[in-house]
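Subject: Structure for you, with notes

Hello,

Here is the structure you will be working with. My notes follow below it.

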Amino acid sequence: MKRILSNFIVWALWFVFGGFVSTLTWLFFGIFFMLTVVGFSRGVACLRLAWYALCPMGKRLVIVPESSKPGGALKFLWLIVLGMWPFGVHLVIGTCWVFSLFGLPLADRFFELASVSFNPRRVKGVRRNKYADARVPKDVEEEYEAWKGSFKGRIFALPYMNCRATSFKHVWHTLGDFKPMDSRAMMFTHTYYETAKELVETYGIKDGDIVIGTCLGGMIVQEMVRLRKLKAMVLVASPRSRNDYYRMYHYIKPLVLALSDRGLKWIFGTSPAVPPRITNLINGEKGAQNVRRFIIQALGWHGVRINIPMCRIHGDVDFLFPVPSKCDYVLRGGHFIGIVNSDECVASIKKFIVEKHREGVL
């Protein structure tokens, strides 16, 4: 019931603050072009976008590359005159949503619609997300328990930024020899590789172990591949590189570089949205320099080449990272699915391990 209510609230925000206008825009163009007969295919594409704009939650557009063939007068008219209308509408609405951190998933949908405004026929369909089930089939559970008994390594997990190791609920410990880690003391003072190296030495991570990382923790555990021959890796709400960020984040880096230490302290040291621990840190000695270094490192991280079995789990309304194109399990939730949707995360990991075990990889 809570999930239904939360989904309805997200849809209501979308519909009231831009979705209704977007739907009417595409509906108008769809009917207009279908009445012209010669623009029937373009009208069908616009109606498809209107249906998507009505409720985009849990769905993604299937977009094909831009055609290099020259178009006729109708295409020229759309590009020069008519296309500017839907493009401008979605660009303005999306920009307004950017100012709300938690509205970034909605802003990304408006920018996605803006990107196809000049050629809606690029959209060939709407793909629904395949959501993971919190239930584990009996045969998979039995097979996982058998694998757990024969697995000689350990399973390590790194929590969200500024979260304690205890943020992993009891259900995570059903994975087996489960060991949560804590990297809060190194968050702003170490590079990802330095943090990974210290965690490997502190917790005794060895070849053949499995690591799990959530958000920033996922970026750090990827660096562990350079230090140990890991058995497998699980990324929860975590990017593989800076290319997995929302596009508007790339404009933050030059802003951070341009801001003075006083400006950074004013933004991060006084905002009620920033956790107290980070507020105290930035207001301390060299706090602004450490936060600047942290943001630049996060936005400039290129990722690590992974040659081991890897599972990616993501929430469909993550306000930090959009659902990646290659995602094993999509959950109905936001960025903190590792805490809020812990049952579904653990179930997804068990299914992943059993699948790889059947393939002879694990």
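Leu13 comes out as partly exposed, because its relative accessible area is 36% (buried is under 20%, exposed over 50%, partly exposed in between; 1.4 Å probe, protein chains only). This is a predicted model: local features need pLDDT of at least 70, side-chain atom pairs count only at pLDDT 80 or more, and totals for chains, interfaces and linings use all residues. Residues are numbered from 1 along each chain as its sequence is written, and side-chain values use heavy atoms, with hydrogens and water left out.

Helix H1
Leu13 sits in helix H1. Helices are DSSP runs of H or I with at least four residues, strands are runs of E with at least two, and both are numbered from the N terminus. Leu13 also belongs to a nonpolar surface patch of about 610 Å², made with Leu5, Phe8, Ile9, Val16 and Phe17. Such a patch takes residues with over 30% relative accessible area and no salt bridge, and joins nonpolar side chains (Val, Leu, Ile, Met, Phe, Trp, Tyr) within 5 Å. A salt bridge is a side-chain nitrogen of Lys or Arg within 4 Å of a carboxyl oxygen of Asp or Glu. Areas are Shrake-Rupley values with a 1.4 Å probe.

Ser22 lies in helix H1 too, which covers residues 2-35. Ser22 is buried because its relative accessible area is 0%. Its side chain makes a polar contact with the side chain of His90, at 2.6 Å. That term means a pair of N or O atoms within 3.5 Å; within protein, one must be able to donate a hydrogen and the other to accept it, and residues adjacent in sequence count only if both atoms are side-chain atoms. Beyond four places in sequence, Ser22 touches Ala53, His90, Phe110 and Leu113 (contact: heavy atoms within 4.5 Å).

Aromatic rings
There are 19 aromatic pairs. Rings of Phe, Tyr and Trp (its six-membered ring) pair if their centres lie within 6.5 Å; planes under 30 degrees apart are stacked, over 60 edge-to-face, the rest tilted. Phe28 and Phe29 pair edge-to-face, 5.4 Å centre to centre with 70 degrees between planes. Phe28 is partly exposed at 42%, whereas Phe29 is buried at 1%. Trp147 and Phe151 are stacked: 4.7 Å and 15 degrees.

Val304
Val304 is in the loop between helix H12 (287-300) and strand S7 (310-315). Val304 counts as buried, at 8% relative accessibility.

Best wishes

Definitions and conventions. Patch = residues over 30% accessible without salt bridge, like charges linked within 9 Å, V, L, I, M, F, W, Y side chains within 5 Å.
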